[in-house]
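Good morning, and thank you for joining. I will take you through one model, beginning with the strands and ending with some backbone details. Please keep the structure in view as I speak.

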Amino acid sequence: MILYHGSNTAINGIDLGKCRPYKDFGKGFYLTDIREQAQRMATRTARMYSGNPTLTLFEFDLGEAQGNGLKVKVFDKPDREWAQFVMSNRDMNTAQPYHDYDIVIGPVADDTIARLLRLYTENFISEEQLLHELMFSKVTSQYFFHSEPAIKMLKRL
């Protein structure tokens, strides 16, 4: 499959040390299988940091990664387990890294979903309300690479 990384510059080498912590799935390299989503991210990043919106394409084989013994977690939808996972990775009071997966695949906690998670953690909405709202949220997709063996599974195109 083809995965896209949207940025303000082409990615010629992936340095996990430069990745920011406290993101949805933790500190690591993020991509998507949705070209338009990556393009929006590239435009946003270029606006924030200057440069030109740039897509870098990678080939990735999930079966090969699993066959090589990498720990992979897949969230099919934003449910209770996914919400807890995202909240723990974003929580500055939770020891990081929160998990030991090499690769995590699942929905993005966009601004709308992040707001719902905040309302839940601040006890403004119940878990039942959170899960109900998540069911009807428009979700996008992200592929998270957390380790050097995982990064080696990406082949730049």
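**Strands, a helix and a pocket**

Strands β5 (103-107) and β6 (141-145) run antiparallel and are joined by five bridges. Before I continue, a word on the basis of this talk: this is a predicted model, in which local features need pLDDT of at least 70 and side-chain atom pairs count only at pLDDT 80 or more, while totals for chains, interfaces and linings use all residues. Residues are numbered from 1 along each chain as its sequence is written, and side-chain values use heavy atoms, with hydrogens and water left out.

Helices (H or I, at least four residues) and strands (E, at least two) are DSSP runs, numbered from the N terminus. Two strands pair if DSSP finds at least two bridges between them. Buried means under 20% relative accessible area, exposed over 50%, and partly exposed in between, with a 1.4 Å probe and protein chains only.

Back to β6. How many residues of β6 are buried? Five of the five are, so β6 is largely enclosed by the rest of the structure. From this strand S141, Y143 and F145 point one way, and Q142 and F144 point the other way.

Strand β5 is likewise mostly covered, with five of its five residues buried. Its pairing with β4 (residues 72-74) is parallel, over three bridges, and V74 stands opposite I105 there.

Next, a sheet of three strands. It is open, has the order β1-β3-β7 and pairs in the antiparallel sense. Its edge strands are β1 and β7 (155-156), each of which pairs on one side only. Between β1 and β3 (residues 54-59) there are six bridges, and Y4 has L57 as its partner in β3. Between β3 and β7 there are two bridges, with E59 opposite K155. Five of the six residues of β1 (residues 2-7) are buried, so this strand is largely enclosed by the rest of the structure.

I turn to helix α4 (residues 111-121). Which of its residues are buried? They are I113, A114, L116 and L117. Seen down the axis of α4, these buried residues fall within an arc of 155 degrees, so they line one face of the helix; the arc is that of the directions from the helix axis to the C-beta atoms. On the other side of α4, D111 and T112 are exposed. The cover over the buried residues includes α3 (80-90) and α5 (127-135), where contact means heavy atoms within 4.5 Å.

Now the largest pocket. On a 1 Å grid over the protein atoms alone, a pocket is an open set of points where a 1.4 Å probe fits, with protein on both sides within 12 Å along at least five of seven lines; lining residues have an atom within 4 Å of a point. The volume of the largest pocket is about 1,500 Å³, taken as the space filled by probe spheres set on the points, with grid points joined across faces, edges and corners. Its lining counts 42 residues, and R20, K23, Y30, M41 and T45 lie nearest the centre. The elements giving two or more residues to this lining are β1, β2, α1 (35-49), α4 and β6. The largest share, eight residues, comes from α1. By class, the lining divides into 16 nonpolar, 13 polar and 13 charged residues. Here Ala, Val, Leu, Ile, Met, Phe, Trp, Tyr, Cys and Pro count as nonpolar, Asp, Glu, Lys and Arg as charged, and the others, Gly among them, as polar.

Finally, the backbone. Most residues other than glycine have a negative phi, and most peptide bonds are trans. Y22, in the loop between β1 and β2, has a positive phi of about 65 degrees although it is not a glycine. At 31% relative accessibility, Y22 counts as partly exposed. N123, in the loop between α4 and α5, likewise has a positive phi of about 65 degrees, and at 69% relative accessibility N123 counts as exposed. A cis peptide bond joins Q96 and P97, with omega about 0 degrees; P97 lies in the loop between α3 and β5.
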